[in-house]
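Me: I have a model open and would like to talk it through with you. Could you start with one residue and then widen the view?

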Amino acid sequence: VALCSRGQRPVSCMLRPLEAPFRYLFGPGPSNVPPRVLAAGGRPIIGHMHSEMFGIMNDIKKGIQYAFQTSNNMTLAMSGSGHTAMECAVFNIVEPGESVLVAINGIWGERVAEIAERMGAKVHTLVKAPGGHFTNAEIEQALAKHKPVLFFLTHGESSSGLVHPVDGVGDICHKYNCLLLVDSVASLGAAPLLMDQQNIDILYTGSQKALNAPPGTAPISFSERACHKMFNRKTKPVSYLLDMTHLSNYWGNDGKPQRIYHHTGPVSGFFALRESLAILAETGLENSWKHHTEVAEYLWKGLEDLGLKLFIKDKDLRLPSVTTIAIPEGYNWKELLAYIMKHHQIEFTGGLGPSVGMVLRIGLMGYNCNKANAAMALAALEDALKQCRKSKA
Ligand code: PMP
């Protein structure tokens, strides 16, 4: 009583219980989390420096190596979302003043260009409109011209729904003494990607898409070539938190006998991530890719049957996890999304960055990826198309 009379009263919202409704998360992420992963994240926490925790982190490392198809020792999970991995990759690999080449065909290239610019890199860009992609010849030409130390490419462009070809890009980069950084946040587990075979130097993903863990952790891996560059730099990376000399020790990757406290990792997030990687290992990567493709094809056919146009024309370039639909003429896309959320408790989304106003996006990833959910998504969209007809766009 004495405290309340002198200080602030507890705000009334804090005296109400937490409200978090059930939603069908059929957007580009986060996606619904299976009970098994939620249960893993809900286990009593242990200390982040306990030997059992190090054992769990070692398992996570193995799970990521499988998911990425890599034998890289420098494999770990970031304490943070996909953006943390983006910054970690750029901050550790690039020194101020060095040249970076970024492929921009949606928002993710834009973001990486900004991250690199902020840390003082000389940023060059290769730009296409959302939905576009780059040929290996275009990439090679730009590498020869700008001589970057790092080239960034988005594998699963979730803002446009495009899956970018990666074959041969790593070899071209290496010919020009450049490292290849690939974003697989929206594609990992849904579309084939083979880190070692495709000569990718740095690969990262997020926990909340096809892996179906809660948002907040982000697997990343560095090739030996990438390690050579980042551990022989003249300047320290701008971020202490994301400095790989510390993170490699925290993850037991630096060969030192002792792991030394750097930061407190998200213990519950790591439990959940381990469980989601276990599910992927049980399912098998190839089965997971095949399953995403089958469900996506079922969805694409249903959308075309509704008279809708898919934004990515070439089927081979469509991202199986996130489908983009050209906004149908005569409709207000925000009204369609609001109707579907209100009447069907389903989240779809509009575009992002340069694709805003161009597309609607439906994501069916991992646990959410099945024909029953695709049918539910199609029925909701069909209903919305009937109800929201003739609204002014
Ligand atoms: N890259 C891609 C391709 C993404 O789809 C996302 C998330 N939408 C990110 C990066 C960023 O991840 P996060 O939101 O977890 O920081």
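**A chat about the model**

Reply: Leu-143 has a relative accessibility of 0% and therefore counts as buried, where buried means under 20% relative accessible area, exposed means over 50% and partly exposed lies in between, with a 1.4 Å probe and protein chains only. This is a predicted model, in which local features need pLDDT of at least 70 and side-chain atom pairs count only at pLDDT 80 or more, while totals for chains, interfaces and linings use all residues. Residues are numbered from 1 along each chain as its sequence is written, and side-chain values use heavy atoms, with hydrogens and water left out.

Me: Which helix does Leu-143 lie in, and what does it touch?

Reply: Leu-143 is part of helix α6, residues 136-146; helices here are DSSP runs of H or I with at least four residues, strands are runs of E with at least two, and both are numbered from the N terminus. Not counting residues up to four places away in sequence, Leu-143 touches Leu-101, Pro-148, Phe-151, Ile-172, Cys-173, Tyr-176 and Cys-178, a contact being heavy atoms within 4.5 Å.

Me: OK, zooming out: how many helices and strands are in the protein chain?

Reply: The protein chain has 13 helices and 14 strands. Of its 393 residues, 54% count as buried, and among contacts between residues at least 6 apart in sequence, 72% join residues at least 24 apart.

Me: And what about the radius of gyration?

Reply: The protein chain has a radius of gyration of 22 Å, which agrees with the value near 21 Å for a compact globule because that is what the rule gives with 393 residues; the radius is taken over C-alpha atoms, and the rule is 2.2 Å times the number of residues to the power 0.38. Along the principal axes, the C-alpha atoms fill a box of roughly 70 × 65 × 45 Å.

Me: Which domains does the assignment give?

Reply: The assignment gives domain 1 (24-30 + 285-387) and domain 2 (35-282), with bounds that come from an automatic or database domain assignment. The contact takes 27 residues from domain 1 and 34 residues from domain 2, and the centres of the two domains, taken over C-alpha atoms, are separated by 27 Å.

Me: Changing topic to the backbone, which peptide bond is cis?

Reply: The bond from Gly-29 to Pro-30 is cis, with omega near 0 degrees, and Pro-30 is placed in the loop between β1 (24-25) and α2 (35-41). Most residues other than glycine have a negative phi, and most peptide bonds are trans.

Me: So where is Asn-177, with its positive phi?

Reply: Asn-177, which is not a glycine, has a positive phi of about 55 degrees and is found in the loop between α7 (169-175) and β8 (179-183). At 69% relative accessibility, Asn-177 counts as exposed. Asn-199 has a positive phi near 55 degrees and sits in the loop between β8 and β9 (202-204), but at 28% relative accessibility Asn-199 counts as partly exposed.

Me: Is Asn-72 buried or exposed?

Reply: Asn-72 counts as buried, at 10% relative accessibility, and its place is in the loop between α3 (51-68) and β2 (74-79). Leaving aside neighbours within four places in sequence, the contacts of Asn-72 are Gln-65, Met-195, Asp-196, Ser-221, Phe-222, Ser-223 and Glu-224. Although Asn-72 and Met-195 are 123 residues apart along the chain, their C-alpha atoms are separated by 9.3 Å.

Me: What is His-164 in contact with?

Reply: Neighbours within four places in sequence aside, His-164 is in contact with Asn-105, His-133, Phe-134, Leu-153, Thr-154 and His-155. His-164 is buried, with a relative accessible area of 2%, and lies in the loop between β7 (162-163) and α7.

Me: Last one, where does Pro-328 lie?

Reply: Pro-328 lies in the loop between β11 (322-326) and α12 (333-344) and is buried, with a relative accessible area of 14%. Pro-328 touches Leu-308, Leu-336, Leu-360 and Leu-385, not counting residues up to four places away in sequence.
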